[in-house]
Amino acid sequence: MTTSDRRWRGILAFPLTLSVVAATASVSLAALAAPPFMALMTRDPSLVQAGQWWRLASPVLVQPAGWGQLGFNLLGIAVVGAAFERRRPRWQWVLTYVLAGVGSVVLLALLRPDDHGGGSSDGVAGLIGALAVAELLERARRPSSRSVLDTVAMGYSAFFCAYLAALPLGVWPAIIAGDVALALALTVRYRVGPAGVAVGGLVLVVVTGAVMAVQADGHGIGLLTGAVTALVVWRARSRE
C-alpha cells in the first residue's frame, strides 16, 4: 500500500464527519453566493411561527458572518468530529450534533428573538462537550496513546472555548485568550498524564460553557448540551 493509499484510507475512516463537512460547505457556499438564499436559512422566530419550520435546523448549515466563520467551523467539524467519530457510535455523533445545534437555535429563538444569525459553531460546541466527556471516561478506564488527531482536536477545543468565552471583551482579547488556552493545552498534554489532561478539558468545557450559557450564548448552550448528552448516553449504556 502506497503512502497516498494510506492517507486516503485514513481520511475515509470518518465517513460521517466527511459527509457533514461536505454538506455544510456546499450549503454555506451557496448561501454566501446568494444573499436571498442566506436570508431563507438564518434564524427568525417570527417566520418559524408563520410556517417556515425549516429555520429550526437550517441556521446550522450556513455561516452568515462570512468566510472566517466558515473556515473556523469546517475545521472544527473535521477535527473534533473525526476524534469523536473514532470513539463513539455514529448515531451518538448525529444525536449530539443535532441536539446541540438545533437545540441552540430553539433556545436562542426564545431568549434572543431579535437575533437572526446562524452558524455551525453551536453544533461544533456540542461535539467538543461530548468529546471532553468521552476522553475522561476513556482515560479513566485505560490510558491510550496520544494521536495527532487527538492533539489537534484538543488544541482546537481549548482555543474554541477560551476565544468564544472572551469574545464579549473584544476580538483581540478573545484571540489572546484562545492562544493562551491553546498553548497551555499543548504544554500540559505533554507534561501531565492523560487522565489529568482529560479532567482539565472537561473543566474548561463546563466553566466556559456555563459562562456563555448565562449570557444566552449558543456556544455555551452547545458545550453543555454535548457534555450532558454524552453523560446520559454513557449512563444508559452502562445499565444495559
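**Helix packing around H5**

The axes of helix H2 (residues 15-33) and helix H5 come within 9 Å and cross at roughly 170°. Angles over 145 degrees count as roughly antiparallel. H2 is therefore roughly antiparallel to H5. The model examined here is predicted.

On the H2 side, the contact is formed by Pro15, Leu16, Thr17, Val20, Val21, Thr24, Ala25, Ser28, Leu29 and Leu32. H5 contributes Trp67, Leu70, Leu74, Ile77, Ala78, Gly81, Ala82 and Glu85. By class, the contact of H2 with H5 holds 13 nonpolar, four polar and one charged residues.

H5 (residues 67-85) also packs with helix H8 (residues 148-166). Here the angle is about 135°, and the axes lie 9 Å apart. This makes H5 oblique to H8. The crossing of the two helices, H5 and H8, is left-handed.

Several residues of H5 take part in the contact with H8: Phe72, Asn73, Leu75, Gly76, Val79, Val80, Ala82 and Ala83. They meet Leu149, Asp150, Val152, Ala153, Tyr156, Ser157, Phe159 and Phe160 of H8. Twelve nonpolar, three polar and one charged residues make up the contact of H5 with H8. Ala82 of H5 is listed in the contact with H2 and also in the contact with H8.

A further residue, Arg139, is located in helix H7 (residues 121-141). Its relative accessible area is 3%. Buried means under 20%, so Arg139 is buried. Arg139 and Gly196 are 57 residues apart in sequence. In space, their C-alpha atoms are 8.8 Å apart.

How values were computed: Residues are numbered from 1 along each chain as its sequence is written. This is a predicted model: local features need pLDDT of at least 70, side-chain atom pairs count only at pLDDT 80 or more; totals for chains, interfaces and linings use all residues. Side-chain values use heavy atoms; hydrogens and water are left out. Axes are lines fitted to C-alpha atoms, for helices over the stretch in contact, and angles run from 0 to 180 degrees between N-to-C directions. Helices (H or I, at least four residues) and strands (E, at least two) are DSSP runs, numbered from the N terminus. Angles under 35 degrees count as roughly parallel, over 145 as roughly antiparallel, 65 to 115 as roughly perpendicular and the rest as oblique. A crossing is left-handed if the near helix is turned anticlockwise from the far one by less than a right angle, and right-handed if clockwise. Contact means heavy atoms within 4.5 Å. Ala, Val, Leu, Ile, Met, Phe, Trp, Tyr, Cys and Pro count as nonpolar, Asp, Glu, Lys and Arg as charged, and the others, Gly among them, as polar. Buried means under 20% relative accessible area, exposed over 50%, partly exposed in between (1.4 Å probe, protein chains only).
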